[in-house]
Amino acid sequence: MSGARVDARGTAPRARTGAPRVGAAPSRLTRTIILSLVGLVFAIPIVAMIQFTFRDGLSGSYTLSHWTGLTDPAVNTKYAPLVTALGNSGVLVVVTVLLVLVLLLPTMVLVELSFPRLRRVLEFVCIVPITVPAIVLVVGLVPVYSVVVKVTGSSIWSLGFAYGVTVLPYAYRAIQANLGTVDVITLSEAARSLGAGWATVLFRVILPNLRRGMLAAAFISVAVVLGEFTIASLLNRVNLQTALVLISKSDPYVAVIFSLLALGFAFVLLLLIGRLSTVGVGRRKN
Amino acid sequence: MTKKLAVLGLTPFALYVLLFLAIPSVLAITTGFFDKAGAFTLDNVGALFSPQILQTFLSSFWVSGVTAVIGAVVGALVCYALLGTRPDGPLRSTVNSASSVLAQFGGVMLAFAFIATIGVQGVITVWLKDAGFDIYGDGVWLYQVPGLLLPYLYFQVPLMVITFMPALEGLKPQWAEANSSLGGSRFTYWVRIAGPILLPSFLGSLLLLFANAFSSYATAAALISQGSQIVPLQIRSALISETVLGRANMAGALAFGMIVVMVVLMFGYSLLQSRTARWQR
């Protein structure tokens, strides 16, 4: 149980009797004022976007046609580029998540088990992309990709290699948060002494304990890849975001509808990540 | 598993990081030091100090500075308001998820949101116009540098909430109790105890916000399709046209300039973080 909770409960009765409160927590009134004010200001652009999708041109009246048009096959062909872009982003999501689970995750487990001294090095490498932002990295990716394209062809999936780097800090943090709470060394030694082989140790002992971290890392990677614009746009690739910018010039309504949907999807993903961590805490307490 | 096999297990990741993180980073930083023929030159890096480029750096600093300060103050207020709510309650988890979405995945969508809100035909613009106040009386500023302020704040405040909340949660109730049992008021608690403890963390978050705005590209690119008013947009035009100020490899020099700023900012951030960590045990 957190200190803040104990504190809030302990001070509440005193606050009611008018004595000065002790803790750091604000009064209910202060909290409500701050949160509703900021919440209101932050809701305005979202509400404006939603209102925008119902506008009937500049006529000032409202229409459902921008939403109903999405399922209309006749109008649908207009959005074909957007559908292609969604497919591309889907491929990139798969490649990126695979990179996280097949490259990053085993490396983190291996470092934890066999090279504890490399832990700081790995952490440093994984947070470098924060200091080298996408707009800088892309300058160096242009020459790299002119070589990569010769090897892999110009299909979209190779862009996933670049995205694997952009999600590195997020994925690392998500997995590390889980890895830190699991004593993998004791677990693997126990399994080994009971006669388990290395594959059994990894797949039946360690990875099941890291399920939460793996899921969180995968979800956050999905959200980052779906929102990525910088690298795709400057390498002249088509993904969801670059297609949205393009289509916003001919049909801004569809662009706004799809950004709202993407935003909602990312919000749900992150809500699930939050759920994952609290469920884990609850289980540990029991 | 033998040690040799284990080392072998590290190589795929090491190779990957080398190819797609180390080499691009080194290329990005060093190409600015070479001319088109591949000979070493200081021309491009020298051109960073031309008035035109200096102006874009100044604009970037201005946007980052203003949005970092406002974002940090408003974000800290939100964190304060969240103090004492249940960490696993629905209010917290909604605020957390919404903050993460807005802080990290806004990009292009923020440009759309603000065009719909304060664009020429935006909801607020029209509404204010009907009330007799024309926000674009002196010309449309949304597609200029000042137009970046509001969209940037829309991801700066959430980022502050994410980064500063752990520090506020680290305040121990015992400190407040000790303060009050020794006769201190809430005022002395905030000014003499919580304030000094939170200061390094607050300044660290401020630096992180500055770095975040400074390196952000998507929102600006979607909003400003012409021109290169801030450094990331200058890199865009350097990459597209190959020559800015008639120089090849100028994108590399600009990337080098950005990295220098980022390294200074992140170094300051990690220094301040290690001061904060002392209180978070």
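Analyst: UniProt positions are given in the numbering used here, feature names are shortened, and annotations may be inferred rather than shown by experiment. The model is predicted: local features need pLDDT of at least 70, side-chain atom pairs count only at pLDDT 80 or more, and totals for chains, interfaces and linings use all residues. Residues are numbered from 1 along each chain as written, chains are lettered from A and ligands numbered from 1 in written order, and side-chain values use heavy atoms, without hydrogens and water.

User: Which residues of chain A carry the annotation "transmembrane region"?

Analyst: The unreviewed UniProt entry gives 33–54, 91–113, 125–148, 154–172, 214–235 and 255–276.

User: What makes residues 91–113 of chain A helix or strand?

Analyst: Helices are DSSP runs of H or I with at least four residues, strands are runs of E with at least two, and both are numbered from the N terminus. Residues 91–113 of chain A are 100% helix and 0% strand, with end C-alpha atoms 32 Å apart. Residues 214–235 of chain A are 86% helix and 0% strand, and their end C-alpha atoms are 29 Å apart.

User: Where does the record put this feature in chain B?

Analyst: The unreviewed UniProt entry places "transmembrane region" at 61–84, 105–128, 148–168, 189–211 and 251–272 of chain B. In the model, residues 148–168 of chain B are 95% helix and 0% strand. Residues 251–272 of chain B are 100% helix, and their end C-alpha atoms lie 31 Å apart. Chain B as a whole has 12 helices and zero strands.

User: Why is A:Tyr253 called buried?

Analyst: Buried means under 20% relative accessible area, exposed over 50%, partly exposed in between, using a 1.4 Å probe and protein chains only. A:Tyr253 has 14%, so A:Tyr253 is buried. This residue lies in helix α15 of chain A. Its C-alpha atom is 8.5 Å from that of A:Arg55, 198 residues apart along the chain.

User: Why does A:Asn236 count as exposed?

Analyst: Its relative accessibility is 69%, so A:Asn236 counts as exposed. A:Asn236 sits in the loop between α13 and α14 of chain A. Its phi is positive, about 60 degrees, although the residue is not a glycine. Most residues other than glycine have a negative phi.

User: What makes a set of residues a nonpolar core?

Analyst: The set holds buried Ala, Val, Leu, Ile, Met, Phe, Trp, Tyr and Cys residues, joined through side-chain atoms within 4.5 Å. The largest one has 184 residues, and A:Leu104, A:Leu159, A:Leu210 and B:Leu254 have the most contacts inside it. α5(A) gives the most to this core, 15 residues.

User: How do you know where this core lies relative to the domains of chain A?

Analyst: Domain bounds come from an automatic or database domain assignment. Domain 1 (3–73) and domain 2 (78–285) of chain A both give residues to the core, so the core lies between them.

User: What makes a pocket a pocket rather than a cavity?

Analyst: On a 1 Å grid over the protein atoms alone, a cavity is a set of points where a 1.4 Å probe fits but cannot get out. A pocket is an open set with protein on both sides within 12 Å along at least five of seven lines, and lining residues have an atom within 4 Å of a point. The second largest pocket is lined by 41 residues, with A:Val245, A:Leu246, A:Ser248, A:Lys249 and B:Ala222 nearest its centre. α14(A) gives the most to this lining, seven residues.
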